[in-house]
Amino acid sequence: MIDPGFFLEIIPKLLAGLPLTLQLCTLSVLFGFVLALALALAQQGNNRFVLWPIRTFVSVFRGTPLLVQIFLIYYGLGQFRPNLQAIGLWWMFREPYWCAIIALTLNTAAYSSEILRGAIRNVPRGLSEASLALGLTRVQTLRLVVLPLALRQALPAYSNEIILIVKGTSLASIITLTEVTGIAQDLIAQTYRAMEVFVAAGAIYLLLNFLIVRALQLLEVRLTPYRKR
Amino acid sequence: MSEAGGTSGKDGEQPHKRHNKKGIAMTFRRMAAVAAALMTLAVTQVARAEDAPKEIKIATEGAYAPWNFVNADGKLDGFEIDLANDLCARAKLKCSIIAQNWDGLIPSLKVGKFDVIMAAMFITPKRMETIDFTQPYAIDPTSFAVAKSSELGKQGLSKDKVKLDDEAAAQAAVDKLKPLLKGKVIGVQSGTQILAFLKKYFGDVVDIREYKTTEQHDLDLAAGRVDGIIVQQTTATATLAKPEFADYTLAGPGFVGGILGMGTGAGIRKEDTALKATFNKAIGEAIADGTVKRLSEKWFHTDVTPVK
């Protein structure tokens with residue numbers, strides 16, 4: 001039934017989509033992390049006018065499917081072309097590439113900000129109090145004491161989030177981007193061999209995620225010297 | 001079974017003679033039941049051997065107006081829905097029509113989720129490696145749709161039909177269009193022969209964007225994300241009649257044949273030869289008595305009846 005020659009034929013074709021898949025997840029994880037950190041830090045205060053919009057953003061993006069978010073940002077905002085042109089943002093929303101990155105970034109920022117918020121809150125209060133008592137400024141305390149510990153604590157949960165984004169990039173194929181899944185669907189349309197093509201595409205994602213998990217595990221070990229024997 | 005067993009169990013203590021009559025009646029009833037069951041089985045077997053089911057499922061895409069689409073009442077409607085109902089009535093088949101994603105049509109037909117595809121599908125040698133087709137029930141040229149203000153748009157739609165089987169004529173028409181399309185972003189439905197056509201003849205000059213449905217590339221044409229789309233003339237005419245497409249028009253010649261296939265036909269599994277024969281006969285009749293022409297004019301305002 002399963003023909004090894006066919007796999008050898010389709011795998012290089014599928015791999016042609018890998019650079020786009022990698023770009024989508026790298027850029028959105030990068031932008032998403034910066035945004036998430038800002039949102040997590042902003043939530044350390046008590047200002048209601050800061051907290052309320054952030055909580056709304058987080059619950060909207062965590063509570064709706066990524067597929068719907070991509071559709072809304074691409075086709076939904078596409079209908080407001082004159083308004084977007086007026087504020088000079090159309091160049092970005094015109095491109096499916098940037099729409100996918102925006103959707104993935106906002107989605108991962110919402111999830112990651114919760115991971116980081118929890119991690120920062122879990123750093124023992126005594127540590128920052130001690131640091132302030134030693135004469136460090138609030139920014140120094142954050143940069144030298146709280147964040148290193150928080151980020152280390154957040155790493156396992158955050159690696160989950162990165163994997164979700166890698167898999168999430170497969171949805172970009174619905175807005176015309178031919179990344180790995182998009183190419184897989186094209187190949188099926190040409191060959192009608194859904195089983196082999198999806199197995200091969202799945203294997204590519206599996207391998208990619210395996211490498212990411214390994215890399216993050218190594219990072220975790222490096223960041224935890226006191227646990228080494 | 002259990003009823004009969006229960007009765008004999010309850011009567012077990014009593015003399016047998018008194019109950020002989022009842023016992024025989026029971027045996028007869030049981031035999032009759034078994035015979036009936038066997039007959040049903042035999043009839044089913046015969047029906048299977050005949051290989052022309054009385055009840056069939058037809059799949060369409062439901063997103064390709066006016067060929068097949070979901071109307072305001074949420075029901076499937078369009079040229080192919082009307083035609084399917086007409087063909088089923090002629091062939092005395094009981095048909096149900098379902099909608100299925102374009103991507104999944106051929107794979108699902110192969111695994112038996114339904115029996116016939118009527119989804120504006122071009123008959124092509126590539127597809128015929130996998131499934132079989134009836135004779136075509138329509139031939140509809142493929143053209144570009146672009147902004148009226150663009151260079152190609154200013155030319156408007158020409159009545160010319162370029163037959164791709166005639167390679168010299170096809171190349172001449174393509175060479176005339178190429179400079180007008182250079183660097184343009186063109187939207188097309190993925191997995192279609194139109195995409196294969198676009199890649200083959202214009203792949204070196206245009207930037208191709210692939211969409212799941214034609215409705216999606218229509219939206220992006222209106223939004224200005226693509227400079228043009230390439231579609232069958234009938235569907236484009238229906239789309240361009242909408243007010244938001246007032247600035248867009250079909251342009252250039254219409255392409256037929258060659259890589260675009262031998263017209264639009266119904267897809268059927270290779271082994272269902274009897275069903276194919278039934279459909280071919282019904283389509284032949286519908287073409288001969290003008291039903292296809294009438295339905296075509298109703299839905300497309302033009303005649304797509306295949307000419308022999």
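Read along the sequence, chain A goes α-α-α-α-α-α-α-α-α-α-α. That is 11 helices and zero strands, where helices are DSSP runs of H or I with at least four residues, strands are runs of E with at least two, and both are numbered from the N terminus. Please keep in mind that this is a predicted model: local features need pLDDT of at least 70, side-chain atom pairs count only at pLDDT 80 or more, and totals for chains, interfaces and linings use all residues. Residues are numbered from 1 along each chain as its sequence is written, and chains are lettered from A and ligands numbered from 1 in the order in which they are written.

Let's stay with chain A for a moment. Along the principal axes, its C-alpha atoms fill a box of roughly 70 × 60 × 25 Å. Of the 229 residues in chain A, 32% are buried; buried means 20 or more other C-beta atoms within 10 Å of the residue's own, exposed means 12 or fewer, and partly exposed is in between, with C-beta atoms placed from the backbone. Now for contacts, which here are pairs of residues whose C-beta atoms, placed from the backbone, lie within 7 Å. Among contacts in chain A with a separation of 6 or more, 78% are between residues 24 or more positions apart.

How is chain A divided into domains? Domain 1 covers 1-17 + 178-222, and domain 2 covers 22-172; those bounds come from an automatic or database domain assignment. Taken over C-alpha atoms, the centres of the two domains of chain A are 28 Å apart. Where they meet, 11 residues of domain 1 of chain A contact 10 residues of domain 2 of chain A. On the domain 1 side, helix H10 (180-191) and helix H11 (194-222) of chain A each supply at least two residues. H11(A) gives the most, with eight residues. By class, that side of domain 1 of chain A has seven nonpolar, two polar and two charged residues. For the classes, Ala, Val, Leu, Ile, Met, Phe, Trp, Tyr, Cys and Pro are nonpolar, Asp, Glu, Lys and Arg are charged, and the others, Gly among them, are polar.

On to the two chains together. Here 16 residues of chain B are in contact with 14 residues of chain A. Helix H4 (105-110), strand S11 (207-211) and helix H9 (214-223) of chain B each bring at least two residues to the chain B side. That side of chain B counts five nonpolar, four polar and seven charged residues.

Next, a sheet in chain B. Three strands make an open, antiparallel sheet in the order S2-S3-S4 (chain B), and two strands pair if DSSP finds at least two bridges between them. Strand S2 (63-64) and strand S4 (76-77) of chain B are at the edges with a single partner strand each, so one side of each has no neighbour in the sheet. Within the sheet, B:Tyr64 stands opposite B:Asn68 in S3(B). The loop between S2 and S3 of chain B holds B:Pro66, and a cis peptide bond with omega of about -5° joins B:Ala65 and B:Pro66.

Last, some backbone angles. Most residues other than glycine have a negative phi, and most peptide bonds are trans. B:Lys92 has a positive phi, near 55°, and sits in the loop between helix H3 (79-91) and strand S5 (94-99) of chain B. B:Ala120 has a positive phi too, near 50°. Which of these residues is buried, and which is exposed? B:Lys92 is exposed, because it has 9 other C-beta atoms within 10 Å, whereas B:Ala120 is buried, with 23.

How values were computed
Two residues are in contact if their C-beta atoms, placed from the backbone, lie within 7 Å.
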